[in-house]
Amino acid sequence: MEIEELVTALAGVPADSGDPSIDWDHRGRLWIELAEKSEALLKSVAQEAFCTAQEWDNRIDCEVRQPDSSFVAEMISLEDVDVDRILKAAARLRRRSMGEKIVLVNER
């Protein structure tokens, strides 16, 4: 599936839903796939960056190590995940990893 298809498949189910009809294993696999595809796109701009699914909060975190060895991330809500948003985050994270003091969107 493509990023937009994964977002559509995951949308509409609150992270804290107790709905017994939801296949949580399948949903977890979709989150992992979304994080992997987002990371591949992120790495096309910032090779050292990575993404982590935060399915409990309906978001992915795109992260990079800074010159001082600490990590910084942009949290991207499911409804905001798309190719353009990831590429813009990648550009900001790359600049940040090089020590540039720029503001990140939804910084963690």
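This report describes the nonpolar core, salt bridges, surface patches and backbone features of a predicted model.

In soluble globular proteins, nonpolar side chains tend to be buried together. The largest nonpolar core in this model comprises 25 residues, and Leu-34, Leu-42 and Val-81 have the most contacts inside it. At least two residues of this core come from each of H1, helix H2 (24-43), S2, S3 and helix H3 (83-97). H2 provides the largest share, with 5 residues.

## Salt bridges

Side chains of opposite charge can pair when their charged atoms come close. The model contains 9 salt bridges. One of them joins the side chains of Arg-59 and Asp-57, at 2.4 Å from N to O. Arg-59 is buried, at 9% relative accessibility, whereas Asp-57 is partly exposed, at 38%.

A further salt bridge, at 2.8 Å from N to O, pairs Arg-108 with Glu-63. This pair connects distant parts of the chain, since Arg-108 belongs to the segment after H3 and Glu-63 to strand S2, 45 residues apart. Arg-108 is partly exposed, with a relative accessible area of 42%; Glu-63 is buried, with a value of 9%. In Glu-74 and Arg-85, the closest N and O atoms of the salt bridge are 2.7 Å apart. Glu-74 is in strand S3 and Arg-85 is in helix H3, so their pairing ties together parts that are 11 residues apart in sequence. Both Glu-74 and Arg-85 are buried. Through shared partners, salt bridges also unite Asp-57, Arg-59, Asp-61, Glu-63 and Arg-108 in one network.

## Surface patches

Glu-2, Glu-4, Glu-5, Glu-79, Asp-80 and Asp-82 form a negative surface patch.

Val-45, Val-83 and Leu-87 make a nonpolar surface patch of about 170 Å². Val-45 is situated in the loop between H2 and S1. Its relative accessibility is 31%, so Val-45 counts as partly exposed.

## Positive phi values

Most residues other than glycine have a negative phi. Asn-58, however, has a positive phi near 50°. This residue occupies the loop between strand S1 (50-54) and strand S2 (59-65). The relative accessible area of Asn-58 is 18%, under the 20% limit, and Asn-58 is therefore buried.

Ser-69 likewise has a positive phi, near 75°, and is placed in the loop between S2 and strand S3 (71-77). At 45% relative accessibility, Ser-69 is partly exposed.

Methods:
Residues numbered from 1 in each chain as written. Predicted model: local features only at pLDDT ≥ 70, side-chain atom pairs only at ≥ 80, totals over all residues. Heavy atoms only, no water. Patch = residues over 30% accessible without salt bridge, like charges linked within 9 Å, V, L, I, M, F, W, Y side chains within 5 Å. Areas by Shrake-Rupley, 256 points an atom, 1.4 Å probe, with all protein chains shown as cover. Salt bridge = Lys/Arg side-chain N within 4 Å of Asp/Glu carboxyl O. Lys, Arg positive; Asp, Glu negative; His and termini not counted. Charge placed at Lys NZ, Arg CZ, Asp CG, Glu CD. Helix = DSSP H or I, 4+ residues; strand = E, 2+ residues; numbered from the N terminus. Buried < 20%, exposed > 50% of the residue type's maximum accessible area, 1.4 Å probe, protein only. Core = buried A, V, L, I, M, F, W, Y, C linked by side-chain atoms within 4.5 Å.
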